[in-house]
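Here is a friendly walk through one protein model. Take a look at the sequence and the structure, then read on.

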Amino acid sequence: MVTQPVPFREALRVWVRIALQSFGGPAGQISVMYRILVDEKRWIDEPRFLHALNYCMLLPGPEAQQLAIYIGWLLHGTRGGLAAGILFVLPGFFAILGLSLLYVGFHGTAVVAALLWGLKAAVIAIVLESVIRIGRRALGDPYRVALAVTSFLAIFFFAVPFPAIVLGAGAIGALAVRFAPRERSEPGAPDSGATERLAGEPTSRRGWRRALRVVAIGLALWFVPLGLLALHFGRDHVLVQMGLFFSRAAVVTFGGAYAVLAYVGQQAVETFGWLRPGEMLDGLGMAETTPGPLIMVLQFVGFLGAYRHPGGLAPLSAGLLGALITVWVTFVPCFLWIFLGAPYVEILRRQRALSGALAAITAAVVGVIANLALWFALHTLFGRLNTLRFGAVRLLVPVWASLDPAALVLAAAASFALLRLKLGMEKVLLATTVVGMVWALVVGR
């Protein structure tokens, strides 16, 4: 086995390849990274990959992009982390920007409405396939299955906040390792060949001076652009309000886009008036069907909100700036979290209680993703939903008369093609979208 350090130029080509294949939300993106980096290239071994994933799931923001930053940092230090994180986002940024322009320019036309309808049906299959894929990796025993089921019931029926689920699962995992260490330990030892490939791994660079320098640079990059916008446009301008709001979201929303969806959707519609009801689903459909982090749906929110409230700017210019500032304050914190904590992650691998807590959190997140899959399917297949409450229990009940049979058939066919025929996500996505668009235009819905 070759154990020389990975050439930086080769790593750049691989990160571009990963970015262009990263469809289907975090589960799909993590699977792509695992297949290429662990199975194919053997640049990192499975235990280290899973430990890094568990660490990233503890952080606010998109775990898949943070995982890319961390592995890039392991391979080539700061420049490797910057390259991996930026390349992971760029394809999705340009794709969402193009779709946002199409949305505001032609949203009322039959063609675009039909395209969005086909996309939503395809997304149901993609999310379902993602839940199954990540579940197979994370749920290796009845203990972890129970954690996933419990987290699903907690968030779907009781609306338990995601941070509470993370803390509860982490506490259970730490206790489980203490009282049943054999059953709750992480998989085997790292592969020596893969570990030796991390010749650029700068894990010895620790200390308070480095930490202060990283924090100072990260906070400056994060907030100086917001300060300049406030000086030029005033604090009440929509661009400044977006920057502040999405900065708060970057800090308090754990679990990536799956956790941020409900929070941002409610605030963007009810508090700020940036979106109309149902448009968050349109944005999610765009993000699910383009490469890059699923949290790029926030770029759509930023573009649309600024486009509709330009504050003295031309609408398209405001929309572009809204998209840029939203993406900036969403992803700059990701680099800050990883560069600040990365030198200590390898130490954490040797802490059994923490490893058990992180493994339990991974299992619980599967239940959270399953909740979003069901939520998205209900809102796509049914025109109306009723919310029933029985004390602390909340239940979404579809109005069966509002079922869209064509969307159900299309989603079922796409799921069959993905799960049984193994046709590949890109082929299924393209076929489902085209068939759905033609059906919507010719037959109607």
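In which hand of crossing, left-handed or right-handed, does H4 pass H14? The crossing of H4 past H14 is right-handed; a crossing is called right-handed if the near helix is turned clockwise from the far one by less than a right angle, and left-handed if anticlockwise.

## What you're looking at

This is a predicted model, where local features need pLDDT of at least 70 and side-chain atom pairs count only at pLDDT 80 or more, while totals for chains, interfaces and linings use all residues. Residues are numbered from 1 along each chain as its sequence is written, and side-chain values use heavy atoms, with hydrogens and water left out.

The protein chain has 18 helices and 2 strands. Both kinds of element are DSSP runs numbered from the N terminus (helices are H or I with at least four residues, strands are E with at least two). Of the 445 residues in the chain, 54% are buried; buried means under 20% relative accessible area, exposed means over 50%, and partly exposed lies in between (1.4 Å probe, protein chains only). Take the contacts in the chain with a separation of 6 or more: 76% of them join residues 24 or more positions apart. Contact here means heavy atoms within 4.5 Å.

## H4 against H14

Back to that opening pair. Helix H4 covers residues 63-106 and helix H14 covers residues 297-308, and they pack at about 40 degrees with their axes 9 Å apart. The axes are lines fitted to C-alpha atoms, for helices over the stretch in contact, and angles run from 0 to 180 degrees between N-to-C directions. On the H4 side, the contact includes Gly92, Phe93, Ile96 and Leu97, and on the H14 side it includes Gln299, Phe300 and Phe303. Sorted by class, this contact has 10 nonpolar residues, 3 polar and no charged. Nonpolar covers Ala, Val, Leu, Ile, Met, Phe, Trp, Tyr, Cys and Pro; charged covers Asp, Glu, Lys and Arg; the others, Gly among them, count as polar.

## Two helices meeting H16

The contact of H3 with H16 has 7 nonpolar, 4 polar and no charged residues.

Helix H6 (residues 142-157) packs on H16 at about 45 degrees, with the axes 7 Å apart, so H6 is oblique to H16. H6 passes H16 in a right-handed crossing. Among the H6 residues in this contact are Tyr143, Arg144 and Leu147, and among those of H16 are Ala359, Ala360 and Ala363. The class count for H6 with H16 is 15 nonpolar, 3 polar and 1 charged.

## The nonpolar cores

A nonpolar core is a set of buried Ala, Val, Leu, Ile, Met, Phe, Trp, Tyr and Cys residues joined through side-chain atoms within 4.5 Å. The largest one has 127 residues, and those touching the most other members are Trp15, Ile18, Met33, Leu37, Phe49, Leu67 and Phe246. H4 gives this core its largest share, 17 residues.

Beyond its neighbours within four places in sequence, Trp15 is in contact with Met33, Leu37, Ala68, Ile71, Gly72, Ala84 and Leu87. There's also a second, separate core of 5 residues, including Tyr143, Leu147, Ala176 and Ala363.

Gly305 sits in helix H14 and counts as buried, at 0% relative accessibility. Not counting residues up to four places away in sequence, Gly305 touches Val238, Met242 and Trp274. Gly305 and Met242 are 63 residues apart in sequence, yet 8.6 Å apart in space, C-alpha to C-alpha.

Ala287 belongs to helix H13 (residues 279-288) and is buried too, at 2% relative accessibility. Leaving out residues up to four places away in sequence, Ala287 touches Ile96, Leu294, Met296 and Val297.

## Positive phi in two loops

Most residues other than glycine have a negative phi. Arg42 has a positive phi near 55 degrees; Arg42 lies in the loop between helix H2 (25-40) and H3 and is partly exposed at 34% relative accessibility. Phi of Ala159 is positive as well, near 55 degrees. Ala159 is in the loop between H6 and helix H7 (162-179), and with a relative accessible area of 42% it is partly exposed.

Technical notes
Angles under 35 degrees count as roughly parallel, over 145 as roughly antiparallel, 65 to 115 as roughly perpendicular and the rest as oblique.
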